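Hi everyone, thanks for coming.

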Amino acid sequence: MNNPDPFHILTLDGGGTRGIYTAQLLAKIEQAFQRRINTCFDLIAGTSTGAIIAGAAVSDIPMADIVELFETETPHIFQKRWYRIPLFLSKYPSKKLAQVLAAHLPATPLGEIATPLMITSSEISRSNVYIFRSNYGSRDSESVPTDKEVSLRDAILASCAAPTFFAPKSLDNFLLADGGLWANNPSTIALTEVLSAFGKGAQEVRMLSIGTGHSVNMYRNRRGWGFLTGWGGAKLTSYVMTLQSQASADIVQLLLKQNYLRINAEIDFWELDTLTQLDTLKSLASRDFEKHAEGIETFLRHE
């Protein structure tokens with residue numbers, strides 16, 4: 001960690017309402033160091049709920065406001081349809097999420113965002129990955145496409161469209177779903193971006209990666225392993241995302257070694273739409289900040 005001019009990356013996992021853990025930890029950083037998150041990092045990457053927080057950060061919105069958003073708005077976002085038929089409709093209407101984003105985040109075109117930003121999504125009609133980027137490609141590499149006219153809100157909606165929870169987002173002839181399907185922890189793609197588009201070497205990079213809780217009690221041995229009776233239907237989506245997050249963390253840890261700081265609490269199995277553990281997640285984030293505060297401060301130094 002003796003790089004003369006380190007390139008700082010922040011990556012934020014998906015995880016639905018568990019994103020309050022991420023927001024609270026970042027709010028503690030802002031409070032302790034008297035700096036907004038967007039001034040601490042050269043690139044911010046987010047997936048799903050992490051995309052909401054990343055979008056707020058690049059919009060210079062205090063993280064304490066985003067903690068309050070999770071506390072006050074998630075009961076409205078995750079309010080089940082009274083008439084829902086599970087086999088035919090998504091669990092929640094996307095309209096409410098869109099309304100919350102419109103109330104709290106600007107409709108800034110990605111091309112007008114100053115801080116380099118990556119938001120992950122999945123193009124499900126073509127079975128392809130999709131990454132929204134702010135307008136940094138021309139500065140560093142002609143090979144990096146941008147979505148200059150796409151609004152920040154639309155990019156976030158696409159990244160949050162978790163299968164069965166929300167309907168996919170249709171945007172410019174693309175059908176987009178949750179980036180967590182392939183990059184729930186965007187550490188690997190963020191590192192790849194910095195090595196290629198920004199021309200940095202691995203020894204120049206410092207990455208802070210924040211998860212939304214690693215479940216240590218998701219499955220137990222049982223007799224029946226059907227889709228609903230064993231794998232648990234929607235639980236399988238959460239499990240795949242958890243595995244992807246851990247794999248990404250392991251890979252980047254091997255590449256960056258001590259220059260990769262991953263903060264992620266161990267939790268019981270809490271679904272992406274849980275509303276009963278918000279206070280617990282805030283407490284875990286405050287605890288983990290105190291645990292890592294000295295390391296975070298050292299990590300963020302420009303030396």
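Before that, some housekeeping. This is a predicted model, where local features need pLDDT of at least 70 and side-chain atom pairs count only at pLDDT 80 or more, while totals for chains, interfaces and linings use all residues. Residues are numbered from 1 along each chain as its sequence is written, and side-chain values use heavy atoms, with hydrogens and water left out.

So, the overall picture. The chain holds 10 helices and 10 strands. Both are DSSP runs numbered from the N terminus: helices are H or I with at least four residues, and strands are E with at least two. Of the 303 residues, 54% are buried. Buried here means under 20% relative accessible area, exposed means over 50%, and partly exposed is in between, with a 1.4 Å probe and protein chains only. The accessible surface is about 13600 Å², and carbon and sulfur atoms account for 52% of that. Those areas come from the Shrake-Rupley method with a 1.4 Å probe, and for residues only the protein chains shown count as cover.

What about contacts, meaning heavy atoms within 4.5 Å? Among contacts with a separation of 6 or more, 75% are between residues 24 or more positions apart.

Now find strand β3, residues 117-123. Strand β3 pairs with β4, residues 128-133, in the antiparallel sense over 6 bridges. We say two strands pair if DSSP finds at least two bridges between them. β3 is also joined to β6, residues 174-178, by 3 bridges, again antiparallel.

Strand β5, residues 169-171, runs antiparallel to β6, with 3 bridges joining them. Leu 171 stands opposite Phe 174 in β6.

The hairpin of β5 and β6 has 2 residues between the strands, and Asp 172 has a positive phi near 50 degrees. Asn 173, in the loop between β5 and β6, also has a positive phi, about 70 degrees, although it is not a glycine. Asn 173 counts as exposed because its relative accessibility is 73%.

Next, the empty spaces. Rolling a probe the size of a water molecule over the atoms shows where empty space is left. On a 1 Å grid over the protein atoms alone, a cavity is a set of points where a 1.4 Å probe fits but cannot get out, and lining residues have an atom within 4 Å of a point. Grid points are joined across faces, edges and corners, and a volume is the space filled by probe spheres set on the points.

How many cavities of 30 Å³ or more does that rule give? The count is 4. About 230 Å³ of space lies in the largest cavity. Its lining has 23 residues, and the closest to the centre are Gly 16, Thr 49, Phe 78, Cys 160 and Phe 166. Helix α3 supplies the largest share of that lining, 4 residues. The lining divides into 14 nonpolar, 8 polar and 1 charged. Here Ala, Val, Leu, Ile, Met, Phe, Trp, Tyr, Cys and Pro are nonpolar, Asp, Glu, Lys and Arg are charged, and the others, Gly among them, are polar.

Cys 160 turns up again in helix α6, as one of the buried residues there.

Helix α9, residues 234-256, gives the most, with 3 residues. Asn 184 and Ser 245 are among the lining residues.

Last stop: Asn 184 sits in the loop between α7 (180-183) and α8 (187-196). Is Asn 184 buried or exposed? Asn 184 is buried, because its relative accessible area is 5%. Leaving aside residues up to four places away in sequence, Asn 184 touches several residues, including Asp 13, Gly 14 and Ser 245.

Note on methods. Contact means heavy atoms within 4.5 Å. On a 1 Å grid over the protein atoms alone, a cavity is a set of points where a 1.4 Å probe fits but cannot get out, and a pocket is an open set with protein on both sides within 12 Å along at least five of seven lines; lining residues have an atom within 4 Å of a point.
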